[in-house]
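Please open the model in your viewer and keep the sequence panel beside it, so that selections can be made by residue number.

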Amino acid sequence: MELKINQQTKKFNAESLSIQSLLDLEIPNKQNGIAVAVNNTVIPKLKWNEFFVQETDEILIISATQGG
């Protein structure tokens with residue numbers, strides 16, 4: 001499966017991936033304070049296990065940062 005994540009094309013050896021599975025592969029140690037959008041639609045964290053991405057989806061992973 002080929003996905004576009006944060007403007008970069010990446011390949012995965014899977015026929016289907018939930019958002020949670022994708023995050024486990026991409027950022028296994030930093031999953032607090034992030035938001036995920038698929039095709040410009042934010043997916044609530046409660047749905048990450050049941051929302052499966054498709055090959056043509058554009059995924060944006062945003063991390064919260066501290067600042068002032």
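This is a predicted model: local features need pLDDT of at least 70, side-chain atom pairs count only at pLDDT 80 or more; totals for chains, interfaces and linings use all residues.

Begin by colouring the strands of the open sheet, which has 5 strands in the order E2-E1-E7-E4-E5 and mixed pairing. Its edge strands are E2 (8-11) and E5, each of which pairs on one side only, and neighbouring strands are turned by 35° against each other on average, direction ignored. Next, select E1 together with E2: these two strands pair in the antiparallel sense over 4 bridges, and Glu2 stands opposite Lys11 in E2.

Show the side chains of Ile19, Gln20, Leu22 and Leu23, which are buried in H1. Seen down the helix axis, the buried residues of H1 fall within an arc of 160°, so they line one face of the helix.

Stop at Gln20, which counts as buried because its relative accessibility is 17%, under the cut-off of 20%. Beyond its neighbours within four places in sequence, Gln20 is in contact with Gln31, Trp48 and Asn49.

Finally, turn to the largest nonpolar core, where Leu3, Ile19, Val53 and Ile59 touch the most other members among its 16 residues. Strand E1 (2-5), helix H1 (19-26), strand E4 (34-38) and strand E7 (58-63) each supply at least two residues of this core. Centre the view on Ile59, whose contacts beyond four places in sequence include Leu3, Leu22, Val36 and Val53.

Key
Residues are numbered from 1 along each chain as its sequence is written. Side-chain values use heavy atoms; hydrogens and water are left out. A nonpolar core is a set of buried Ala, Val, Leu, Ile, Met, Phe, Trp, Tyr and Cys residues joined through side-chain atoms within 4.5 Å. Buried means under 20% relative accessible area, exposed over 50%, partly exposed in between (1.4 Å probe, protein chains only). Contact means heavy atoms within 4.5 Å. The arc is that of the directions from the helix axis to the C-beta atoms. Two strands pair if DSSP finds at least two bridges between them. Axes are lines fitted to C-alpha atoms, for helices over the stretch in contact, and angles run from 0 to 180 degrees between N-to-C directions.
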